[in-house]
Amino acid sequence: KRTEALPQNIDTSTDASVAKLRANSGFLVEGYCEKEADEKRTEILNTPNTEELYEIKGTKYYISQSGDDRNDGLTPETPIKTMVRLMELYIVEGDAVLFNRGDTFRLGHSLSTHNGVTYGAYGKGSKPKIYGSLENYAKSDKWEAVNENIWKIPLDYDEACGLVINHSEIIGVKKTGSIKKLKNNGDYLHDTKAGIFYLYCDKGNPKDSYYDIEIMPSVNIISAEVGNRMVTIDNLCIKYSAGFG
């Protein structure tokens, strides 16, 4: 059976709850395979670390938000920090690239895969998040009021191709032309020439109104080049890009 009411008491602080909310966005569907679906979500979100699941015969490279790009990245105690440094490493078939659980990595470009390389997770906590959105814009101090309900922020994207607020509480609707077309919360317009992103929000400053604002670029987050073979990607949370995963 269907009901239009969205769940009111979902705790969005957990990956599992966000997954449940996302799965049920729009209409709740009950009475089909809820128990089995919840069990499968729990299983997927709680799989062991990549090193426990796959035999890594080559070198393991570790990357963490608390790392340092001057490190060698060869142990969990000496991880590198940025995707830029990761792209500089000489990675060959049989190697593994492991992202620290609980961390969020943001890309302004595609992460190109290598033949025979495994990409996964290490550490403790929720799966590592790899986002196309360059920052959580709900934490930005750069929002300025245009009028009572329309706000703007500088945005150096080729094109803003999607908007997700509070992990799917609001799915943005892209408008073109005039900001007069912005009439509902989540309506947005991107002036690519001026590098300005406009958002309709009748709650006040978006920074104070929401806890998470993700603006999606058009890049592919992970890009397997033509001819890539035997690439394993597992244990990663990949979100917020209008390109492919």
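How exposed is lysine 40, by relative accessibility? Select lysine 40: at 42% relative accessibility, this residue counts as partly exposed. Keep in mind that you are looking at a predicted model.

**Stop 1: helix 2**

Select residues 34-45, which make up helix 2.

Now pick arginine 41 and aspartate 38. They form another salt bridge, and the closest N and O atoms are 2.8 Å apart. This pair is also three residues apart in helix 2, so about one helical turn separates them. Aspartate 38 has 30% relative accessibility and counts as partly exposed.

**Stop 2: across the sequence**

Select glutamate 93 and arginine 229. A salt bridge links them, with the closest N and O atoms 3.3 Å apart. Glutamate 93 is in the loop between helix 4 and strand 4, while arginine 229 is in the loop between strand 17 (222-223) and strand 18, so the pair ties together parts 136 residues apart in sequence. Both are partly exposed: glutamate 93 at 48% relative accessibility, arginine 229 at 43%. In total, the structure holds ten salt bridges.

**Stop 3**

Switch to a cartoon view. Which order do the strands of the four-stranded open sheet follow? The order is 3-4-7-18, and the pairing is parallel. At the edges are strand 3 (60-63) and strand 18 (232-233), each pairing on one side only.

Zoom in on strand 3 and strand 4 (residues 96-100). They run parallel and are joined by four bridges. Select tyrosine 62: its bridge partner in strand 4 is leucine 98. Then select lysine 60, which stands opposite alanine 96 in strand 4. Next, follow the chain from strand 3 through helix 4 (residues 83-88) to strand 4. This β-α-β crossover is right-handed.

**Stop 3: the whole chain**

Zoom out. The chain has five helices and 19 strands. Of its 245 residues, 40% are buried. Among contacts with a separation of 6 or more, 61% are between residues 24 or more positions apart.

How values were computed: Residues are numbered from 1 along each chain as its sequence is written. This is a predicted model: local features need pLDDT of at least 70, side-chain atom pairs count only at pLDDT 80 or more; totals for chains, interfaces and linings use all residues. Side-chain values use heavy atoms; hydrogens and water are left out. Helices (H or I, at least four residues) and strands (E, at least two) are DSSP runs, numbered from the N terminus. Buried means under 20% relative accessible area, exposed over 50%, partly exposed in between (1.4 Å probe, protein chains only). Contact means heavy atoms within 4.5 Å. Two strands pair if DSSP finds at least two bridges between them. A crossover is right-handed if, with the strands pointing away from the viewer, the path from the first strand over the helix to the second runs clockwise. A salt bridge is a side-chain nitrogen of Lys or Arg within 4 Å of a carboxyl oxygen of Asp or Glu.
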